[in-house]
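Thanks for coming. I will take a few minutes to walk through one model that is new to some of you.

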Amino acid sequence: MFSACVARLISELSGLKIQAIINGQINIDNCLEWGNKISKLSYFQELKSIHPIHNRLIKEPEFMVSELYFGSLKSVIISFSANLEFFLKDSMQLCMMRNYSLLKKGLIESNQVITPKDIVDMDSIESVRLKYINIISNRMCSGEMWSGKFKRYIKFLALPNELLGKNINKEIDSIWRMRNDIAHANTKVLSIEYDKVMHKFDRNINSEQYAEFAVFFIKLIDKTIDLLEKVDRLSLEKWEVTDTSLLYRK
């Protein structure tokens, strides 16, 4: 048994695995081929801002290969972390929709007061419940590294603490640091440790370095899915359905 939350996560992360593999096939030859095809497109002439970088692609394809590798690396990291954060929110919301005892717990623990105006303005009590389910889940998942978000999630859903001690959480945190560097520091060099070696990536990344990262990243995704499938099953078992009125209104 698993929920739509984990099914959505698996679908999105499977797409990232393919993206990481496909982008690793970029080389000088196909960059030149793409560049020549682009120059023949009828609408290309109107896109004046693209012409300088297109010219550089034709003249310096090795530069563009590294740029595309680095861009792919940043893209999959951002998407990976965004999907994990969404899974936590999605799963929390589903459990509160399934079981109003958890919603009550969330209101108490977050000191969330229901605004009297909502009772008048919103068309049904289900709409009010949905609003505060969203507020609670957003608040629970804000800020911090993956491990901090996951700890609050585990505590809120009263799941086994042993889930917090898994080595996979440290590996996800290592990706989260890269995500923060990309999103906030705008750093030109990204660092991550795996296989007990510190790896650094920048705009000069080559095919071997990108392949090393892609292999690590895909293995990490597989381990993450294994963990969150277990978490999903435990959360469904813990918070059984007591009311179905919200399950078809999300």
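I will go through the core, the hairpin, the salt bridges and then the surface.

Before that, some ground rules. This is a predicted model, in which local features need pLDDT of at least 70 and side-chain atom pairs count only at pLDDT 80 or more, while totals for chains, interfaces and linings use all residues. Residues are numbered from 1 along each chain as its sequence is written, and side-chain values use heavy atoms, with hydrogens and water left out.

Start with the core. By a nonpolar core I mean a set of buried Ala, Val, Leu, Ile, Met, Phe, Trp, Tyr and Cys residues joined through side-chain atoms within 4.5 Å. Buried is under 20% relative accessible area, exposed is over 50%, and partly exposed is in between, with a 1.4 Å probe and protein chains only. The largest such core has 70 residues, and the members that touch the most others are F80, F150, Y153 and I175. Several elements give two or more residues to this core, including helix 1 (4–23), helix 8 (146–156), strand 1 (190–194) and helix 10 (207–238). Helix 4 gives the largest share, 16 residues. The helices (H or I, at least four residues) and strands (E, at least two) are DSSP runs, numbered from the N terminus.

What is F150 in contact with, leaving aside its neighbours within four places in sequence? The partners are L88, L163, L164, N169, L227, L228 and V231, where contact means heavy atoms within 4.5 Å.

Next, the hairpin. Strand 1 and strand 2 pair in the antiparallel sense over 5 bridges; to count as paired, two strands need at least two bridges found by DSSP. S191 stands opposite K200 in strand 2. The hairpin has 2 residues between its strands, and D195 in the turn has a positive phi of about 55°. D195 counts as exposed, at 67% relative accessibility.

A158 is also a residue other than glycine with a positive phi, near 55°. A158 sits in the loop between helix 8 and helix 9 and is partly exposed, at 37% relative accessible area.

Now the charges. Side chains of opposite charge can pair when their charged atoms come close. I call it a salt bridge when a side-chain nitrogen of Lys or Arg is within 4 Å of a carboxyl oxygen of Asp or Glu. The count is 11 salt bridges. One of them joins K17 and D222, with the closest N and O atoms 2.8 Å apart. K17 is in helix 1 and D222 in helix 10, so this pair ties together parts that are 205 residues apart in sequence. Another joins E67 and R203, at 3.1 Å from N to O. Here E67 is in helix 4 and R203 in the loop between strand 2 and helix 10, so the parts tied together are 136 residues apart in sequence. R56 also forms a salt bridge with E60, at 3.2 Å between the closest N and O atoms.

Last, the surface. L41, Y43, L47, I50 and I53 make a nonpolar patch of about 420 Å². I53 lies in helix 3 (residues 51–59) and is partly exposed, with a relative accessible area of 39%.

That is the end of the tour.

How values were computed. Patches are made of residues with over 30% relative accessible area and no salt bridge: like charges are joined within 9 Å, nonpolar side chains (Val, Leu, Ile, Met, Phe, Trp, Tyr) within 5 Å. Accessible areas come from the Shrake-Rupley method with a 1.4 Å probe; for residues, only the protein chains shown count as cover.
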